[in-house]
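I opened this notebook to record what I looked up in one structure. The entries follow the order in which I made them.

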Amino acid sequence: DSIRGVKAMMLRSRAGSELIEFALVLPMLLILLFGMIGFGIALYDKSVVTTASREAARAGIVLKTPRLTQGEVEAIAEAYCGGKVITFGGSSACRADAAGAAGASGADLSVTVEYDYSFLIAGLIPWLESVTLSSTTVMKME
């Protein structure tokens, strides 16, 4: 009878230790999970920024009269980027800069787009608060 009592007490103590181990490991697992999700979304947003600079540059180099102005090329990039980046309540505004718009045929048009991405776990890891995602596309005017 006393042996059964000892076995029952040992089983209860094991169950308690497993719960404590799980409680210690759970925060690290959650940080790892949200970190992976955050970096995945950052890679997606980087792709959006890159595509926005390409779309704006392509629109700016097309041969037509009159050529697009610097402001119009920047507006194309900002409109593309603003509607597609994933935010978590933050700003979805991208900054665009077009150099060489309305130039002569054969001249370079450079479009740079930047976006400040904030990570999901920014409050937990101070050095991961935000990262500036940037892309520059250079194309020759048609």
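**Strand pairing and salt bridges**

I looked up Ala 98 and found that its bridge partner in β2 is Val 111. The model is predicted; local features need pLDDT of at least 70, side-chain atom pairs count only at pLDDT 80 or more, and totals for chains, interfaces and linings use all residues. Residues are numbered from 1 along each chain as its sequence is written, and side-chain values use heavy atoms, with hydrogens and water left out.

I noted a mean pLDDT (the predictor's confidence in each residue, from 0 to 100) of 86 for the chain, with 86% of its residues at 70 or more.

I then took the strands (DSSP runs of E, at least two residues, numbered from the N terminus). β1 and β2 (residues 108-118) pair in the antiparallel sense over five bridges; pairing requires at least two DSSP bridges between two strands. Along β1, Ala 96 and Ala 98 point to one face and are buried (under 20% relative accessible area, 1.4 Å probe, protein chains only; exposed is over 50%, partly exposed in between).

I searched the whole structure for salt bridges (a side-chain nitrogen of Lys or Arg within 4 Å of a carboxyl oxygen of Asp or Glu) and found four. Arg 95 forms one with Glu 114, the closest N and O atoms being 3.3 Å apart. Arg 95 lies in β1 and Glu 114 in β2, so this pair ties together parts 19 residues apart in sequence. Arg 95 also meets Asp 116 in a salt bridge at 3.2 Å, N to O. I recorded Arg 95, Glu 114 and Asp 116 as linked in a network of salt bridges.

Key: Helices (H or I, at least four residues) and strands (E, at least two) are DSSP runs, numbered from the N terminus.
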